[in-house]
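Please read them beside the structure.

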Amino acid sequence: MNRPFITLFALLAALSAHAAEPWSVERCMEYAAEHSHAVRLQQYDLDVSRTERTRAIGAFLP
């Protein structure tokens, strides 16, 4: 009973390990930059400052 589950698990593990491709250093750095919490916060701050700038310019218009 236990043997088919172990065989199936081993087969699936082998397939998933084979499907994974090695990452280059550049790919790792791109992934880290895209998923970094600090980068996301800085992007949010940049969006907020752009919005505030647009509002400030709009305040001068009649």
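1. Trp-23 is partly exposed, at a relative accessible area of 40% (buried is under 20%, exposed over 50%, partly exposed in between; 1.4 Å probe, protein chains only). Trp-23 sits in the loop between helix H1 (2-19) and helix H2 (25-35); helices are DSSP runs of H or I, at least four residues, numbered from the N terminus.

2. This is a predicted model: local features need pLDDT of at least 70, side-chain atom pairs count only at pLDDT 80 or more, and totals for chains, interfaces and linings use all residues. Residues are numbered from 1 along each chain as its sequence is written, and side-chain values use heavy atoms, with hydrogens and water left out.

3. Leaving aside residues up to four places away in sequence, Trp-23 touches Cys-28 and Tyr-31 (contact: heavy atoms within 4.5 Å). From Trp-23 to Leu-12, 11 residues apart along the chain, the C-alpha separation is 21 Å. Leu-12 belongs to helix H1.

4. His-35 lies in helix H2 and is partly exposed, with a relative accessible area of 42%. A polar atom of the His-35 side chain is 2.9 Å from the backbone oxygen of Tyr-31. His-35 and Phe-9 are 26 residues apart in sequence, and their C-alpha atoms are 31 Å apart.

5. Helix H3 (residues 37-60) has 24 residues and spans 36 Å from its first C-alpha to its last, close to the expected 34 Å (1.5 Å times one less than the number of residues). At the start of H3, a side-chain oxygen of Ser-36 comes within 3.4 Å of the backbone nitrogen of Ala-38.

How values were computed:
Helices (H or I, at least four residues) and strands (E, at least two) are DSSP runs, numbered from the N terminus. A polar contact is a pair of N or O atoms within 3.5 Å; within protein, one must be able to donate a hydrogen and the other to accept it, and residues adjacent in sequence count only if both atoms are side-chain atoms.
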